[in-house]
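These are my notebook entries on one structure. I record what I looked up, entry by entry.

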Amino acid sequence: VERTKPALIQTRLPTSCMILNVPATATCQSRRWTVRRCNSDMSIKKTCDKDECTSNPCAMGQTCNDPVKTVKSVGDYTCTCANGVVATGASATCETDECAAMPSPCGADQTCTDPDKAANKLHDFECACNSDMSIKKVDGPATCDKDECTSNPCAMGQTCNDPVKTVKSVGDYTCTCANGVVATGASATCETDECAAMPSPCGADQTCTDPDKAANKLHDFECACNSDMSIKKVDGPATCDKDECSASPCGMGQTCVDPVQSVSSIGDFTCECANGVKATGAAAICETDECTATPSPCGADQTCTDPDKASNKLHDFECACNSDMSIKKIDGPATCDKDECSSSPCGTGQTCDDPMKSVN
């Protein structure tokens, strides 16, 4: 170590070396006091330099540095750890495992980890919940458990259940109504009367009924026609009125009448012909010519005539003998021929001849 040579400072005294208040470091030479002072610190006399690191005050592996090597600056040396931790005037504490404290800074049911044990890196320890290691907090215990039901989030009469009581699962609680309706993360709406909606889901001239008002039982409301309460529909307006004549079910020239225009009376419409013939639930057959049947209802050698072809006037056709048109019969063949000889009206040995062979 390079030492600074003390400067020689002479003090002229008027008499002798016996004068009081002379520094102890002074020497008397030829009635003159000679005092040595350090250039590095003029207040230090005699012993100027002192390197405190020469005594190895730092622990093994630490670097010692004495920035001011004088007896007046004793205690200013530093000890530096390999991880950068520095202490002044004493050996440094290089590592501090904050998790080694008793009791644990994390508390029960948590795992403590100190990622950097350097003594100058405090308050960096981490606490993780044993129930869910992803729930963590630095420099203090993590909040692991949270029962959301303790704050009574459900409405009166509802049952609260928090299946996973951790801060990571906030909002998983359920509220259950007495009728079984369940909501997650909020108070449940136990009842919903679908018929209370405005406007009514059934429309005008219908009565709405919601048989089960539980909020989880939707689309079960029923609409019934006021004109006929037996006509109903679930989850929508019923079809109450139906005029079957609007579909023109009758034949041309026929008159259609639907006496009860309701879906419950389908098939009650009537079709009426100009001649009065009527049919219900279908187009009417206004005319029927019975003589057009094949074979002819009169048989051979007879003429058939249907005086009234209205389809409701059947069995009125007339059969007339071609050999004698005056011989007729209604609703069946006339008896035109009669051979009187066939009854053997003549005596024995006589020859019979019936020239007209007619009932006339």
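I looked up Cys273 and found it buried, with a relative accessible area of 4%. Here buried means under 20% relative accessible area, exposed means over 50%, and partly exposed lies in between, with a 1.4 Å probe and protein chains only. I note that this is a predicted model: local features need pLDDT of at least 70, side-chain atom pairs count only at pLDDT 80 or more, and totals for chains, interfaces and linings use all residues. Residues are numbered from 1 along each chain as its sequence is written, and side-chain values use heavy atoms, with hydrogens and water left out.

I then looked up the partner of Cys273. A disulfide (a pair of cysteine sulfur atoms within 2.5 Å) links Cys273 to Cys286, with an S to S distance of 1.8 Å. Cys273 sits in the loop between β17 (270-272) and β18 (278-280), and Cys286 in the loop between β18 and β19 (302-305), so the bond ties together parts that are 13 residues apart in sequence. Strands are DSSP runs (E, at least two residues), and helices are DSSP runs of H or I with at least four; both are numbered from the N terminus. The torsion about the S-S bond of Cys273 and Cys286 is about -85 degrees, so I record this disulfide as left-handed. Cys286 is partly exposed, at a relative accessible area of 22%.

I next looked up Cys195 and Cys208, which form a disulfide with their sulfur atoms 2.0 Å apart. Cys195 lies in the loop between β12 (182-184) and β13 (206-209), while Cys208 is in strand β13, so the pair ties together parts that are 13 residues apart in sequence. The S-S torsion of Cys195 and Cys208 is about -75 degrees, and the disulfide is therefore left-handed. Cys195 is buried at 18% relative accessible area, and Cys208 is buried at 19%.

I also looked up Cys99, which a disulfide joins to Cys112 (S to S 2.0 Å). Cys99 is in the loop between β6 and β7 (110-113) and Cys112 is in strand β7, so parts that are 13 residues apart in sequence are tied together. The torsion about the S-S bond of Cys99 and Cys112 is about -75 degrees, so this disulfide is left-handed. Both Cys99 and Cys112 are buried.

Cys346 is partly exposed, at 32% relative accessibility. I count 18 disulfides in the structure.

I turned to Asn83, in the loop between β5 (78-80) and β6 (86-88). Asn83 is partly exposed, at 37% relative accessibility. Leaving out residues up to four places away in sequence, Asn83 is in contact (heavy atoms within 4.5 Å) with Cys94, Glu95 and Ala118. The side chain of Asn83 reaches the backbone nitrogen of Val85 at 3.2 Å. From Asn83 to Lys117 the C-alpha to C-alpha distance is 9.5 Å, at 34 residues apart in sequence.

Finally, I looked up totals for the protein chain. I found zero helices and 21 strands. Of the 360 residues, 30% are buried. Among contacts with a separation of 6 or more, 22% are between residues 24 or more positions apart.

Conventions: Polar contact = N/O pair within 3.5 Å; in protein donor to acceptor, adjacent residues only side chain to side chain.
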